[in-house]
Structure formats: C-alpha cells, structure tokens
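Welcome! Let us walk through a protein model together, from a whole chain down to single residues.

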Amino acid sequence: MTLHAETSQTSQASSRSSGNSLAIETHGLSKHFGQRKAVDGLTISVPGGAITGFVGPNGAGKTTTIRMLLGLIRPSSGSATVLGQTISHPRAYLPRVGALIESPAFYPSLSGRKNLEVLAQLGGHSRSRISQVLEIVGLSDRGSDLVGKYSLGMKQRLGLAMALLPDPDLLVLDEPANGLDPLGIIEMRDLLRSLREQGKTIFISSHWLGELEQVAGWLVMLNQGKAVFNGPARDLVDGRGELIVTAEEATQIELVARIAIAAGYVVTPENGSLRITCPIDWAEELNRRAREAGATGIAIRAREASLEESFLAMLKGDH
Amino acid sequence: MLRAFRSELTKLRSFRVLAGGAAMIAATAALSYFALNEATSNPSSALARALPTQQGLIILLSSHAQTLLIAIAIIVVAANVAAEWSQGTLRNLLVREPGRLRLLAGKMLALLLFVTISAALALLIGAGVALAAAQSHGISTTLWTSSDGMSAFFSFFGNVLLGLVGVSLLGMLIAVLTRSTGAAIGISLAYALVGEGLVDAVWPDGGQWFPVHLFGYLPGVTSPMSYGAPPMGYSSDLIVALVWMAGFIVVSGVLFRFRDVSA
C-alpha cells in the first residue's frame with residue numbers, strides 16, 4: 001500500500017512535530033457566521049516538511065480554516081500560528097506562504113504571464129521567477145495566451161504557478177487537482193513530492209482521497225468544523241480494514257458469522273464467504289474462537305482499509 | 001504601497017483598459033465638436049452667446065464632456081475595485097500583500113493616475129479639437145487663447161481633475177460597500193446621474209452639499225455650464241468637497257481593513 005512509502009515522511013514529520021517545528025498550529029479556532037459554526041474549536045498541528053492532507057466532507061470547514069490561516073477572515077475565537085507566527089499578523093508569515101484557494105481566480109483579459117506579473121509586482125518577486133514557475137507547471141508555451149481562453153486544467157496549473165511564485169516554505173493548496181487530466185494529476189503528485197523533498201511543507205485540501213493517500217504523510221480530518229483526526233496518515237488506516245473468511249462448509253461460515261456478530265462487528269456474506277469489518281489484528285482472536293467452537297476448516301485473509309474507507313468509517317463514528 | 005501601485009499599473013496597461021481610455025478621449029473630443037456645432041446652429045442659445053468670451057473654450061468642454069468624464073471615472077474605479085471581489089482575485093492579492101491599507105492605497109493611486117491622465121488628455125485633445133473646429137467655423141478664438149483665457153482654462157482643467165478624484169473616491173467607497181461589479185456600476189451611475197438630482201429636486205438647499213454636486217461645482221467657478229458655479233462659494237465648495245473625499249477614504253479604509261474576505 002502506498003502509505004507505507006510515506007512512513008519515513010510521517011516519522012520525520014512526527015519528530016519535527018515533537019521538536020516544535022510545526023508549520024501550522026491551531027488552538028480552539030472557531031469561526032461563526034451568525035448562528036452557523038463553520039469551524040468549531042479546531043485544535044490541530046501540522047508538522048513542517050511534510051505533505052499534510054486536509055480532508056472532510058463538503059461544508060466541514062476546510063476552506064474557512066484555510067482562509068483564517070491566510071488572514072482573509074478573522075476567527076471568532078481561538079488562536080493559531082503559521083510558520084511560528086500568530087495569524088493576527090499575517091504580514092509576518094505570508095511572504096513565505098504560497099496559496100491556491102478554492103477555484104483559482106484570475107484577470108480573464110490578461111495573459112497567464114501578466115496575471116503572474118501582477119502578483120510578482122505585489123510580492124516583490126523577479127520577472128525571471130515568472131518564467132520559472134510557468135516552466136514548473138508546464139505552461140511556458142501558453143503563458144502569453146489570455147487566461148479567458150485557458151481550459152480548467154490550465155487554470156489550475158496557473159493557480160499553482162501563482163502559489164509557487166514566492167518559492168514558499170509553506171504551500172497551501174485547496175483542491176489543486178480539480179480539472180486536471182490523469183497526466184496532470186500524476187505531474188501534480190510528482191511536483192508535490194519534489195517540493196517536499198526540497199523541505200517545503202504542503203498543506204493540501206482535497207476530496208481526492210486516493211490521490212492524497214499516495215502523497216500525504218500526515219492527515220487532518222474535519223467534520224462539522226471539528227477535527228476528528230490529526231496525526232500520521234499511517235495511524236488512521238493502521239489496523240483498520242476487514243477480514244475475509246472462507247470455508248468449505250456453510251455451517252462453519254455461519255458459526256464464524258455468529259462469533260463476529262457477538263463481538264459487535266458488521267458481517268457481510270458474499271459469495272459463500274464472509275466480510276467482517278473489524279481491526280485486522282482481530283484475525284488471531286477470531287481464529288482461536290472459531291477453533292474453540294469447532295470451525296477448524298476456515299481460512300482468514302486480512303485486507304487493510306484504504307484511506308477512503310478509513311475516512312468514511314471515521315465520519316460514521318466507527319473509531 | 002509602491003508594489004501595489006506598480007502591480008495595479010500592470011493591470012491597467014492591458015489593451016482593454018487602454019482602449020477604454022482612448023474611447024473616453026475620443027468621446028470627449030466628439031462632444032466638444034458637437035457642442036460647437038450645436039452653438040453655431042442655434043446662435044441665440046446660451047452656449048452660442050458664451051462662445052465669443054474668454055470662457056468660450058471652457059464652456060464647450062464643460063457643456064457635455066464634464067458629465068461624461070464623471071460617469072466614466074466613477075464606472076472605471078467602481079468596476080475595477082469591485083471586480084477584485086467578483087472575480088475572486090482579491091484573495092490572491094491579499095496573500096501577496098497582507099497590508100490591506102497599503103494594497104488599497106496603491107491600487108487607488110494607480111487608478112487615480114489613470115483617471116486623471118485619461119481625463120487630462122481628453123480635455124486637452126477636446127480643447128484642440130474645439131479650437132480647430134471653431135476656426136473652421138470662422139469663430140474667433142483670440143480670447144480663448146489670451147492670457148486670461150488660458151488662465152481660466154487651466155483653472156477649469158485643475159478643478160475638473162480634482163472633481164474627478166472626488167468622484168473616483170466615491171466609486172471606491174461604493175465598490176467596497178457592494179463588493180460586486182454589477183452592483184457597484186449600477187449604484188454608482190444611478191447615484192451620480194440620478195440620485196443627487198432627485199435629492200436636489202426635493203431638497204435644493206441640502207442637495208447642493210452632496211458630493212457629486214460639490215465635485216461638479218468646482219470647475220463651475222470658471223464655467224457657468226453643466227453643474228454651474230458653486231452657490232455656496234468656491235472656498236466652501238472646495239472645503240466640503242475635500243471633507244467628503246476624506247470621509248470616503250476613511251470609511252473605505254476601515255471597511256477594507258476589517259471586513260472578512262470570503263469571495
């Protein structure tokens with residue numbers, strides 16, 4: 001599973017986290033819009049130097065949190081730091097932050113290069129940096145075209161180029177894969193890995209859990225404005241999964257099903273086998289109980305949950 | 001602030017914006033030409049009677065073009081500022097320049113520069129067209145180009161530009177309040193061209209102190225056409241107009257500084 005490849009990233013991140021090099025830290029951060037609590041007492045920590053996935057269903061408060069971290073909206077209560085600086089003074093850290101927020105926004109009557117020039121002038125970045133970021137996102141040959149003529153994928157690439165302009169220490173990306181074709185997604189994934197290898201911290205909000213699973217070493221999961229998980233991605237999926245039980249005799253299958261149900265797990269019969277949603281380390285215990293009950297001819301196979309399955313289980317409250 | 005100023009200039013150097021500026025210049029020149037034709041075709045009109053005076057040139061420019069310049073200035077500024085919300089580009093700008101007042105100040109300086117340069121060119125080219133057209137119609141322009149005539153012209157010129165700065169600041173305030181391009185343009189135009197006229201109709205004594213009237217009166221010290229001479233006197237007009245401008249800046253600055261950017 002791909003998350004295994006990210007273990008070193010996670011452990012680096014964990015050590016950084018404990019070593020007080022957090023890129024983002026929030027304490028009881030809240031934002032209320034009238035009676036609605038968009039973000040409700042959010043306490044999270046994001047380690048430096050890692051790719052952190054920021055996930056949650058629509059309306060969970062991801063974009064509101066990102067906007068607070070970028071100084072665009074003020075928290076109703078709570079506190080947060082970004083790159084060690086309090087978010088009440090965004091000027092202290094935003095020059096080191098690149099951001100792509102929601103769908104990227106541009107001046108449609110200007111070319112891609114001119115759009116970047118507007119921001120480069122504002123941030124005090126050189127013109128040569130504009131060419132560099134266009135090259136990085138693969139838009140060098142279309143930089144002179146009007147943005148109004150760009151496809152959705154090209155706009156997304158240009159948005160990423162904008163975020164990369166300041167050569168940031170922290171890159172905040174909100175749904176960066178929107179509109180990208182499969183090749184674009186692979187390129188984006190490679191780019192994120194390469195940026196991480198340069199020591200940059202990437203905080204990426206996405207619905208594409210399959211994609212996040214391949215790059216994120218750390219996860220922050222939000223639901224209804226609260227953090228339901230904050231830690232190494234490995235910890236979320238660790239042990240979570242299902243056991244698939246097969247047997248030659250139907251009676252043995254029925255016996256195993258009774259044992260699993262009695263233990264409080266969900267059991268799904270499937271083509272003569274059983275799927276038991278449970279921690280995969282319960283396999284040993286199941287095997288022991290089945291033998292004691294006389295079901296000796298069974299085979300148990302463990303299947304580790306994907307990030308998506310773990311995410312859904314977490315949202316359902318199945319910890 | 002300098003970075004925000006230069007960044008905004010980068011946007012204003014686009015073909016569409018420059019074409020809009022050129023259209024404003026062409027329209028002003030055309031209006032002064034039409035005003036001259038109107039005067040020559042109706043010799044008993046107030047406009048025709050004013051032509052042989054030192055203020056002839058100013059009256060040609062102010063009879064129609066001043067209202068056009070006010071309308072264009074308020075649209076340009078309101079649309080440009082409000083578009084940052086409507087397009088969502090404000091969040092990009094604020095991430096690169098978190099100093100909101102610096103951003104607004106730099107942006108407005110660039111816009112004011114654009115408005116005043118475009119208006120100045122429009123007035124100067126319009127004046128050139130009026131002079132050439134007058135000579136071709138056999139109208140004497142000696143008084144227009146006399147020392148007193150030029151002095152009056154440049155006084156008018158300066159006051160028009162000052163009035164346009166005021167109108168532009170009003171456009172900024174409306175944009176910051178509405179945060180929507182369509183609403184900002186609609187409300188700006190409705191207020192500048194109709195709103196104050198309605199106030200004036202029902203409350204003439206109070207209406208004259210409203211901002212667009214005061215900005216429009218400023219050039220009226222040298223030209224009785226268009227908005228006319230300030231009924232409260234030039235000094236009072238200037239002081240209250242400057243107070244309005246300061247008010248627009250303060251209110252816009254406070255709103256821009258403290259409001260959430262959720263667009």
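**A walk through the model**

Chain A exposes about 13,600 Å², and carbon and sulfur atoms supply 49% of that area. Accessible areas come from the Shrake-Rupley method with a 1.4 Å probe, and for residues only the protein chains shown count as cover. Before going on, please note that this is a predicted model, in which local features need pLDDT of at least 70 and side-chain atom pairs count only at pLDDT 80 or more, while totals for chains, interfaces and linings use all residues. Residues are numbered from 1 along each chain as its sequence is written, chains are lettered from A and ligands numbered from 1 in the order in which they are written, and side-chain values use heavy atoms, with hydrogens and water left out.

Along its principal axes, the C-alpha trace of chain A spans about 75 × 45 × 40 Å. Chain A has 12 helices and 14 strands; these are DSSP runs numbered from the N terminus (helices: H or I, at least four residues; strands: E, at least two). Of the 319 residues in chain A, 52% are buried, where buried means under 20% relative accessible area, exposed over 50%, and partly exposed in between (1.4 Å probe, protein chains only).

Now find strand E8 of chain A, residues 201-205. Are its residues buried or exposed? Five of its five residues are buried. Thr201(A), Phe203(A) and Ser205(A) lie on one side of E8(A), with Ile202(A) and Ile204(A) on the other. In a regular strand, side chains alternate between the two faces of the sheet.

Which strands join E8(A)? Strand E3 (residues 51-55) of chain A runs parallel to E8(A), joined by four bridges, and Phe54(A) stands opposite Ser205(A). Strand E7 (residues 170-174) of chain A is also parallel to E8(A), with five bridges, and here Asp174(A) is the bridge partner of Ser205(A). Two strands pair if DSSP finds at least two bridges between them.

Let us end in chain B. Ser86(B) is placed in helix H4 (residues 56-86) of chain B. Why does Ser86(B) count as partly exposed? Because its relative accessible area is 43%. Leaving aside neighbours within four places in sequence, Ser86(B) is in contact (heavy atoms within 4.5 Å) with Arg179(B), Ser180(B) and Thr181(B). Ser86(B) and Thr10(B) are 76 residues apart in sequence and 19 Å apart in space, C-alpha to C-alpha.
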